[in-house]
Amino acid sequence: MKIVGALKVTTPSDREIALIRSFNAPRRLVYEAMTKPDLVKRWLSGPPGWTMTECRIELRVGGAYRYEWRNDDGRTMGLGGVYREIVTNEKIVATEKFDESWYPGEAVGTIVLAEQGGVTTITQTILYETKAARDGVLKSPMEQGVAYSYDKLAELLASRA
Amino acid sequence: MLRSLASGEQNLTELAAPLRMSFPAASKHVRVLEKARLVRRRIVGRTHRCRLHAAPLKKIAEWTEGYRRFWEERFRTLDSLLQEMKAKDAGRAGAGR
């Protein structure tokens, strides 16, 4: 039985990262939330301080998608790719590449959705061209993660003062 | 072997027994784990005492902390959005009847 809410991060091979997460919703709705621009914008914001300013999706094989985020301080981030495989409500395979080229080459992301009794489990696997690229991605948001938790702590302390 | 060592230091013979491995075979396996810095071995007389070297395993968990936290936040927001969508769906279905 899948536990809703618990995120699993694994490394199935040296070039992959896999995210496994279950949601209390039918597959059809999870798929919609992941493929309709208005809905994607609602949850796929960047790290704290960033908002999604652009979300374009051509949901068909060969179609392109484009995501852009902007920080409060004016910095921008962009991600885009092309869809390789689409099975409605079940599977999405697309290339992904950040404008800022934090890693060499392109990555391929695969999202698989499976539903059982109203609970949908998604398995999101990203395959990088090299182990170094994959490791870099796993390590990089750490600074943001650490900064984020210090910010949260500061907020909390300020609210208690 | 790693799972077995998680419960504490053991000597090579103890490690090999449940796996039905010969001593030399087990020693070879441990050498691979030593090279990967996952296991530490010390020889006491004729016994080879093996224990987990937890630091590399801990490092990997630390590395992924930021990454995991980022996605946990995103998915938590998605949770709320999905509840909203379900409610809307239910509302629509009710109105349709």
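Select Lys131(A) and Asp135(A) to begin: their side chains meet in a salt bridge, with 2.8 Å from N to O. The model on screen is a predicted one. Both residues belong to helix H3 of chain A, which covers residues 131-139, and they sit four residues apart, about one turn of the helix. In an α-helix there are 3.6 residues a turn, so residues three or four places apart point the same way. Colour the pair by accessibility next. Lys131(A) is partly exposed, at 41% relative accessibility. Asp135(A) is buried, because its relative accessible area of 11% falls under the 20% limit.

Stay in chain A and select Glu58(A) with Arg60(A). These two also form a salt bridge, and their closest N and O atoms are 3.4 Å apart. Glu58(A) is partly exposed at 39% relative accessibility, and Arg60(A) is partly exposed at 47%.

Now go to chain B and select Arg49(B) and Glu9(B). The closest N and O atoms of this salt bridge are 3.2 Å apart. Which parts of chain B does the pair tie together? Arg49(B) lies in strand E3 (residues 47-52), while Glu9(B) lies in the loop between helix H1 (2-5) and strand E1 (10-11), so the bridge ties together parts that are 40 residues apart in sequence. Arg49(B) is partly exposed, with a relative accessible area of 22%. Glu9(B) is partly exposed as well, with 24%.

The next stop is helix H2 of chain B, residues 12-19. Select Leu12(B), Leu15(B) and Ala16(B), which are buried. Look along the axis: the three cover an arc of only 90° around it, which puts them on the same side of H2(B). Which elements do the buried residues of H2(B) pack against? They pack against H1, E1, helix H3 (23-35), strand E2 (39-44) and E3, in chain B. Turn the view to the face away from the buried side and select Thr13(B), Ala17(B) and Pro18(B); these residues are exposed. Then select Arg20(B), which follows H2(B) and has a positive phi, near 55°.

Finish where the two chains meet. Show the residues in contact: 24 of chain B touch 36 of chain A. The area buried between the chains is about 2,800 Å², and carbon and sulfur atoms give 69% of that area. How many salt bridges are counted between chain B and chain A? The count is three. For a salt bridge between the chains, select Arg21(A) and Asp79(B), whose closest N and O atoms are 2.8 Å apart. Side chains of opposite charge can pair when their charged atoms come close. Across this interface there are also seven residue pairs in polar contact. Colour the chain B side by residue class to end the tour: the side that touches chain A has nine nonpolar, four polar and 11 charged residues.

Technical notes: Residues numbered from 1 in each chain as written. Chains lettered and ligands numbered in written order. Predicted model: local features only at pLDDT ≥ 70, side-chain atom pairs only at ≥ 80, totals over all residues. Heavy atoms only, no water. Salt bridge = Lys/Arg side-chain N within 4 Å of Asp/Glu carboxyl O. Buried < 20%, exposed > 50% of the residue type's maximum accessible area, 1.4 Å probe, protein only. Helix = DSSP H or I, 4+ residues; strand = E, 2+ residues; numbered from the N terminus. Contact = heavy atoms within 4.5 Å. Buried area = accessible area lost by both parts, 1.4 Å probe. Polar contact = N/O pair within 3.5 Å; in protein donor to acceptor, adjacent residues only side chain to side chain. Nonpolar A, V, L, I, M, F, W, Y, C, P; charged D, E, K, R; others polar. Arc of directions from axis to C-beta.
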